[in-house]
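Dear colleague,

I am passing on a structure that you have not worked with before, and I would be glad if you could look through it alongside the notes that follow.

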Amino acid sequence: MTAPEGARTPAPVAPDVLAARLAAGRTGRGALLVALDHDGTLSPIAPRPDLATLAPGAAEALAALAGHADVAIVSGRGLADLERRFAGLPLTLVSEHGLRRRDPDGTTAALAPALDPALLDGLRARLAALLADQRSTEGTDGTADASGGWLVEDKGVAVAVHHRLVPDEALEPTLGAVRTALEDAAGTTGRVQEGKAVLELRPAGAEKGAALRTLAAARPDAFVVMVGDDRTDEPALAAAEALGGVGVLVDATGRPSAASVRVDDPAAVVALLVALAAALSRG
Ligand SMILES: [Mg+2]
């Protein structure tokens, strides 16, 4: 993949060492804002999005940290999905890559203009026709998925096509046709984004970097931390660094990123959150 703008090789840092650094970053500031992606960051990547669950200890760590910091989840998932996953936790939820925000008190707000509903309807029909031809291939997870592993996730305000379960040899030319269908439906307000085994059409203004800047603008005294694993997180990782905070990449391979530091996996993110909550509780 193309290296993100401003990319470097993030330095690997042990979670407890990084926690001490982030706690020190807050010193002299009024607050700490910690924003985290969900999939691949707080939750190991699953074969299908609906099978993903939080890493062990993640909910408890988020609850502990929320006692000392503003904690936000910034995810590509829909708002109802995030509300289920983080039920009972005092978190800000930013859904669909920055389209909508729900504050801890339950207030919701739009952060970006939505897609044209007529174009979305046309896309749904076109994808259904396109993927109806794929039924000769069986899903690899034992669920005998009738779509040959293709999974259309309709978020209402965005449409994602997942292909993690599609055998490599069956990917093309369907993947190219899916990409064309999404691009045709983008119109003037949409944008097609590629992530890990997913192609997604979403509102062009819904972007994690802009979302993080909006959250940070509401807390101008905060030291800003963003934790994420995928290329859709890169604008937010870059924004955290540009705001004088820290971008933390979740990655064990040492790939280039706008983030300055990295931790290996969701388990390391949980360890980081636990250590950070402990450091903040000591003042
Ligand atoms: Mg992710």
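How many residues of domain 1 are in contact with residues of domain 2? Before the answer, please keep in mind that this is a predicted model, and that the domain assignment of the protein chain gives domain 1 as 11-112 + 207-281 and domain 2 as 117-203. In the contact between them, 17 residues of domain 1 meet 17 residues of domain 2, while the centres of domain 1 and domain 2, taken over C-alpha atoms, are 27 Å apart.

The area buried between domain 1 and domain 2 comes to about 1,400 Å², and carbon and sulfur atoms give 59% of that area. Five residue pairs, with both residues at pLDDT 80 or more, are in polar contact between the two domains, and on the side of domain 1 that touches domain 2 the residues divide into eight charged, five nonpolar and four polar. The count of salt bridges between domain 1 and domain 2 is one; a salt bridge joins the side chains of K196 and D229, at 2.5 Å from N to O.

Because D37 lies in the loop between β2 (31-36) and α2 (58-66), and D229 in the loop between β11 (222-228) and α8 (234-242), the pair ties together parts that are 192 residues apart in sequence.

Methods. Residues are numbered from 1 along each chain as its sequence is written. This is a predicted model: local features need pLDDT of at least 70, side-chain atom pairs count only at pLDDT 80 or more; totals for chains, interfaces and linings use all residues. Side-chain values use heavy atoms; hydrogens and water are left out. Domain bounds come from an automatic or database domain assignment. Contact means heavy atoms within 4.5 Å. Buried area is the accessible area (1.4 Å probe) that two parts lose on being put together, summed over both. A salt bridge is a side-chain nitrogen of Lys or Arg within 4 Å of a carboxyl oxygen of Asp or Glu. A polar contact is a pair of N or O atoms within 3.5 Å; within protein, one must be able to donate a hydrogen and the other to accept it, and residues adjacent in sequence count only if both atoms are side-chain atoms. Ala, Val, Leu, Ile, Met, Phe, Trp, Tyr, Cys and Pro count as nonpolar, Asp, Glu, Lys and Arg as charged, and the others, Gly among them, as polar. Helices (H or I, at least four residues) and strands (E, at least two) are DSSP runs, numbered from the N terminus.
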